[in-house]
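Here are my notes on the model, as numbered points. Please read them with the coordinates open.

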Amino acid sequence: MVPLRIAAGLVIAGLAITSGLCGRPDMTSSAVQDSSTPAKSLFGQSAVLVLEREFSSDDISYLLLDARTGILLSSRWDDPAKPIPLGSLVKPFLALAYGETHESQFPSHICRGEASGCWQVHPHGKLNLVTAVSVSCNSYFRALAENLTGQQLIPIANRFALDPPDPTLSGPPLMGLGDRWPIAPIKMARAYVELYHRRDQPVVREILAGMRQAAHNGTGKGVGEALHHADALVKTGTAPCTHSHPAPGDGFVLAMVPANQPELLLLVRVHSVPGATAALTAGQMLHRLEE
Ligand SMILES: [Zn+2]
């Protein structure tokens, strides 16, 4: 593994990053002033400027957090506290709810592609939790969601400070299909910080192994390739678009680097592309941050 180097020049103790975010209508000062976010950060202004300059397309939204503390370092997102559909980013939390109601015993499942309700036409074949997370197999997660209700997801949502689903929701919406379980992007980002904090729990360990595999040969391989195969933890998602100029869908990527003891967490949304394509953008952003 090639260790991800976070450039030394990027870490400037005590630098106030809020100044770097002012004066742009698309920047989210409300999130930066979020009560749990101190005004100062260890994150350097140079990195903020790199993201602002090079990833300024209206099609790209992002939240960059300190993966150890959940502190927001930089953001370009209209209202990250407003719940929106985040697609398959909820799958790990569905898996946790399934684990709690099934004594942590997960099925071995055979995906038959489109024929078994997967997003991929061709079968993923035989999957366990790790491989299902890495390829974000809808067929596998449909099987997990089949007999679960929103009510059973609520304890997990509370534990990870996610917006809870409607208790009467059941089936595919619980794995992020459609728009019936909207979650605030900033809450989702911090839920993954909490997920990593719980890395010693058996089910969490498998989910994180799946996210690591995703960066190598799963839906997040755009991140792994941009980082020259350095290890990263990645989950992708595709969800109905909520932009004012709607597209069929938006791609989401949650990436944490380095995979061992992540320092940065990046949540990216790219307008009108699938999650696996958005992973290319997230990879390019992380690659620039490590330089
Ligand atoms: Zn599949």
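This is a predicted model: local features need pLDDT of at least 70, side-chain atom pairs count only at pLDDT 80 or more; totals for chains, interfaces and linings use all residues.

1. The protein chain holds ten helices and nine strands. Of its 291 residues, 55% are buried. Among contacts with a separation of 6 or more, 64% join residues 24 or more positions apart.

2. The zinc site: donors. Which residues supply the protein donors of the zinc ion? They are Cys111 through SG, Cys118 through SG, His124 through ND1 and Cys137 through SG. These atoms lie 2.0 to 2.4 Å from the zinc ion. Along the chain, the donors follow the spacing C-x6-C-x5-H-x12-C.

3. The zinc site: geometry. The angles subtended by the four donor atoms around the zinc ion run from 101 to 120°. The arrangement is tetrahedral because all angles fall between 85 and 135 degrees. For reference, the ideal angle for four tetrahedral donors is 109.5 degrees.

4. The zinc donors include Cys111 and His124. Cys111 sits in strand S5 (residues 109-111), while His124 sits in the loop between S5 and strand S6 (125-127), so the pair ties together parts that are 13 residues apart in sequence. Are these two residues buried or exposed? Cys111 is buried, at 1% relative accessible area. His124 is also buried, because its 17% relative accessibility is under the 20% cut-off.

5. Gln120. The loop between S5 and S6 also holds Gln120. Gln120 counts as partly exposed, at 24% relative accessibility. Leaving aside residues up to four places away in sequence, Gln120 touches Gly113 and Glu114. The C-alpha atoms of Gln120 and Val135 are 9.5 Å apart, and 15 residues separate the two along the chain.

6. Packing of H7 and H8. Two packed helices are described by the angle between their axes and the distance between the axes. For helix H7 (residues 185-197) and helix H8 (residues 202-217), the angle is about 115° and the axes are 9 Å apart. The crossing of H7 past H8 is left-handed.

7. The cis peptide. Please check the bond between Val257 and Pro258. It is a cis peptide bond, with omega at about -20°. Pro258 belongs to the loop between strand S8 (250-257) and strand S9 (264-271).

8. Positive phi at Ser104. Ser104 is not a glycine, yet its phi is positive, near 60°. Its place is in the loop between helix H3 (91-101) and S5. Ser104 is partly exposed, with 40% relative accessible area.

9. Positive phi at Ser272. Here, too, a residue other than glycine has a positive phi: Ser272, near 65°. Ser272 is found in the loop between S9 and helix H10 (275-290). At 40% relative accessibility, Ser272 is partly exposed, because the value lies between the 20% and 50% cut-offs.

Methods:
Residues are numbered from 1 along each chain as its sequence is written. Side-chain values use heavy atoms; hydrogens and water are left out. Axes are lines fitted to C-alpha atoms, for helices over the stretch in contact, and angles run from 0 to 180 degrees between N-to-C directions. Helices (H or I, at least four residues) and strands (E, at least two) are DSSP runs, numbered from the N terminus. A crossing is left-handed if the near helix is turned anticlockwise from the far one by less than a right angle, and right-handed if clockwise. Donors are N, O and S atoms within 2.8 Å of the metal (3.2 Å for Na, K and Ca); water is not among the atoms, so sites may look incomplete. Four donors count as tetrahedral if all angles lie between 85 and 135 degrees; four count as square planar and six as octahedral if opposite donors are over 155 degrees apart and all others between 65 and 115; anything else is irregular. Buried means under 20% relative accessible area, exposed over 50%, partly exposed in between (1.4 Å probe, protein chains only). Contact means heavy atoms within 4.5 Å.
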